[in-house]
Amino acid sequence: MPISVLLPYGGSVDDPEGVTMPAHEIHDHRTLAGLAKVHETKHYNEPWTEECQGVATDGRHWYISTNHEGHQAVHRFTLGMSAAGSLSLDELGHGHVGALCWWAGRLFIALEKPAGLAIVDDGLRQAQRLAPHASFTAAQGSSFPWVAVDPRDGSLLSSAFGRWPEGTDCVFVYDAELRRTRTLRLSTPVFNVQGGAVTPRGNLVLSSDIPGDLPVFRLSDGQLLGRVPVAIDHGDGEELEGVCHGDLVESGIRSQLHVILLDNDSSNRDDVYFKHYAVDHPEHL
């Protein structure tokens, strides 16, 4: 018999038979008015789609991290998704490569097994590894699924995975040495968090694989501003992975939030659905 759990916003999760989609929920209409998917591209059976984990942008390129065993890497693409280089991360010696972010010419990539931070120049020439400070380990233990940068001051943010049904309601802020400087308490817990991004106005966007949505919180006080559901079929092996912010125009379509949906395939390479979301007033996001 499936286990039904009531979620804070009224949805329910039925395990193992799937997830009831959450409602489109907007509390701050000035910030999130019109939040909706506006574009999607599909990528099948490519080397970079296998165990694809996260996405970042510098405004001119996409950077995508992959956790394919023996082929862990960060890949660079043009905004039109033409390949523009890659760098292997296998030599760092971690069992899991997670989501990533871009800031001031560098990529920051979350690592697990053991926890650590990869720092890569955006020319994809060299990867360095930073071991976490003791204050990071006290906060997150070995869980380091994602990392985001606050573009206002360059600080780093992350959280534990928050496996359902316990979840997590804490996001931690770190300096460049992964020393914890602040703990942010969220107004509602999140579950199976696989990515995060901070907007220029100081809002935190998370990708929550269960139930499958993008909740947006105000960084100053952790208040939920709203959330938008992402169509996902857990029964078919789909996972919501990394998310990034970038106010971009590609193929005539303007969007601000960009998220990876991974379709795990056992018979061939995984597939990726690259989804793009927009708000009515990007200057308020």
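Tutor: This predicted model has two helices and 24 strands in its chain.

Student: What makes the radius of gyration of the chain agree with that of a compact globule?

Tutor: A compact globule of 285 residues would have a radius of gyration near 19 Å, and the chain has 17 Å, which agrees. The C-alpha atoms fill a box of roughly 45 × 45 × 40 Å along the principal axes. Of the 285 residues, 57% count as buried.

Student: Why is F136 called buried?

Tutor: Buried means under 20% relative accessible area. F136 has 0% relative accessibility, so this residue counts as buried. F144, at 1%, therefore counts as buried too.

Student: How many aromatic pairs are there?

Tutor: The count comes to five aromatic pairs. One of them is formed by W62 and F274, with 4.9 Å centre to centre and 75° between the planes.

Student: Why is the pair of W62 and F274 called edge-to-face?

Tutor: Ring centres must lie within 6.5 Å to pair, and planes over 60 degrees apart count as edge-to-face. With 4.9 Å and 75°, W62 and F274 therefore form an edge-to-face pair. W62 lies in strand β7 and F274 in strand β24, so the pair ties together parts that are 212 residues apart in sequence. Both W62 and F274 are buried.

Student: How do you know that F136 and F144 form an edge-to-face pair?

Tutor: The values for F136 and F144 are 4.8 Å centre to centre and 65° between the planes, so the pair is edge-to-face. F136, F144 and Y174 form one aromatic cluster.

Definitions and conventions. Residues numbered from 1 in each chain as written. Predicted model: local features only at pLDDT ≥ 70, side-chain atom pairs only at ≥ 80, totals over all residues. Heavy atoms only, no water. Phe/Tyr/Trp six-rings, centres within 6.5 Å; stacked < 30°, edge-to-face > 60°. Helix = DSSP H or I, 4+ residues; strand = E, 2+ residues; numbered from the N terminus. Buried < 20%, exposed > 50% of the residue type's maximum accessible area, 1.4 Å probe, protein only. Rg over C-alpha atoms; globule rule 2.2 N^0.38 Å.
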